[in-house]
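Look at the sequence and the structure below.

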Amino acid sequence: MSEAAAAQSPWQTVTINRIEKRTPRVTSFFLQPSQPFAYRAGQHVDVRLTAPDGYQARRSYSIASAPETGETIELAIEKLDDGEVSPFFHEVAAVGDEVELRGPLGGHFVWSDSDGGPLLLVGGGSGVVPLMAMIRHRAARKSLVPAALVFSARVWDEVIFRDELIGLDERQDGFDLVLTLTREPARRPQDYARRVDARMMVQSMMRLPEPPRLAFVCGSNAFVSSAAQALIDAGVPAGLIRTERYGV
Amino acid sequence: MVTRGFFSGRKPPTDTDARIPPGQYLEQGFPVLSAGPTPRVRTEEWSFTLKHGPRPIKKWNWAEFNALPMSKMTRDIHCVTAWTKFDTAWQGVLVDDILADAGLEPPTAFTLALSFDGYTTNVPTKDLTTGKAMVALLYEGKPITADHGGPARLLVPHLYFWKSAKWLNGLQFTERDEPGFWELRGYHIYGDPWREQRYTGDP
């Protein structure tokens, strides 16, 4: 699947057809491909920008939308002050602009409802984006696979997709949301106000009917290192844990 | 296609342009990427095995491996996620010296690098020999940290860096070019950054 997909995914032009601010630092860009493609929840795309002198910059961004959503794909891009591509999106890009995109890419950090569960998702900051695609895929498929998301953000207003996640949590269809804020008190009874640790993982896993069969961890390198270690300390076998990291 | 409103803000000075492969940017830090949790491999339990197919040819423990001839390599490295880092300084054992210690000529044209966490990656044998690759034990003079693949990682700097397997515990000669972990998941079978061979099917 991934081999065929990659071999058939040359660069193509995509058009920004909607822009939606998610948090002070994260904005969603909805892109209409000229060559629509199928993808799996958790996959990413490469985006390429070209300057008038021919210089090109490319970055990888995870897809936030569910494969069931249609042709338009959503990228939720965090603004990095010393970045090269994200400032373009945040400060320049407008509806109707075109950029180049290649994808879908990646065949490891992916989940389909047919892969089963229980599923434990652990995201830090914009690391929630590929996990959101999995959660939306699960909802779109009306899957009853038990799933829990432990989502670490600095403050309540930086919880990306907050209202949508809380709405999914309130459906009580086997998806549980656990928020942990590192710089503010918790707002909901089930939430925490500290960095992820093994005890939080043990307690979050108790929300699942049985131990997770798959765990996905995404975020900055520092976040993924400590969250993956917390999962191992909580008894999750290393072989069940898939990670995706960004940053230095 | 020129992107409206995008200008080359971070373009490196021309004297280093020639060292940056197409589609890459210069990175000062050292990003960490891996498919799973970081294995903590203690040197007391570390070993390195040379295999021909399923058959072990020779196995070294940490002390024996450290007694092999040490070489230094300072090279630019290129990650498929588009960062390039200049002048990374490594120290370790050339694959040539491992083969010499085993009294072995390369028996096949293909090699699979094997890691403690089950990761594998394939490299043609000729890309590992004649001074092109080493099993690195030190980075900038210090033991390689677990995040960066310590105690020992493969270093094949002329290919995209996923070929430089972390937490290495062996090299296996194979009759055919056997795709490894990422090569089975959409990444290029060879991975030459200068030809921009990132994904399966790239020329």
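Leaving aside its neighbours within four places in sequence, which residues is Pro212(A) in contact with? Pro118(A), Leu119(A), Leu120(A), Met205(A), Val236(A) and Leu240(A) are its partners, where contact requires that two C-beta atoms, placed from the backbone, lie within 7 Å. The model is predicted: local features need pLDDT of at least 70, side-chain atom pairs count only at pLDDT 80 or more, and totals for chains, interfaces and linings use all residues. Residues are numbered from 1 along each chain as its sequence is written, while chains are lettered from A and ligands numbered from 1 in the order in which they are written.

Pro212(A) sits in the loop that runs between α5 (198-205) and β10 (214-220) of chain A. Helices (H or I, at least four residues) and strands (E, at least two) are DSSP runs, numbered from the N terminus. Pro212(A) counts as buried because it has 24 C-beta neighbours inside 10 Å; a residue is buried with 20 or more other C-beta atoms within 10 Å of its own, exposed with 12 or fewer, and partly exposed in between. Ile16(A) is 196 residues from Pro212(A) along the chain, and 37 Å separate their C-alpha atoms.

Chain A is divided into domain 1 (2-105) and domain 2 (113-246), with bounds that come from an automatic or database domain assignment. The centres of the two domains, taken over C-alpha atoms, are 24 Å apart. Where they meet, 16 residues of domain 1 of chain A are in contact with 13 residues of domain 2 of chain A. The domain 1 side of this contact has eight nonpolar, four polar and four charged residues. In this classification Ala, Val, Leu, Ile, Met, Phe, Trp, Tyr, Cys and Pro are nonpolar, Asp, Glu, Lys and Arg are charged, and the others, Gly among them, are polar.

Chain A also holds an open sheet of six strands in the order β4-β3-β6-β1-β2-β5, with antiparallel pairing; strands pair if DSSP finds at least two bridges between them. β4 (56-62) and β5 (73-78) of chain A each have a single partner strand, so one side of each is left without a neighbour in the sheet. Strand β3 (residues 44-50) of chain A pairs with β4(A) over seven bridges, and Thr50(A) has Gln56(A) as its bridge partner in β4(A).

Turn now to chain B. Chain B has three helices and 11 strands, which follow the pattern α-β-β-β-α-β-β-α-β-β-β-β-β-β along the sequence. The radius of gyration of chain B is 17 Å, close to the 17 Å that the globule rule gives for 203 residues, so chain B is as compact as a globular protein of that length. That radius is taken over C-alpha atoms, and the rule is 2.2 Å times the number of residues to the power 0.38. Of the 203 residues of chain B, 37% count as buried.

An open sheet of five strands in chain B has the order β3-β2-β11-β6-β7, with mixed pairing. Its edge strands are β3 (55-61) and β7 (120-124) of chain B. Strand β2 (residues 47-52) of chain B runs parallel to strand β11 (residues 168-174) of chain B, joined by four bridges. Leu50(B) has Leu171(B) as its bridge partner in β11(B).

Finally, the two chains meet in a contact that takes 31 residues from chain B and 40 residues from chain A. The chain B side divides into 13 nonpolar, 13 polar and five charged residues.
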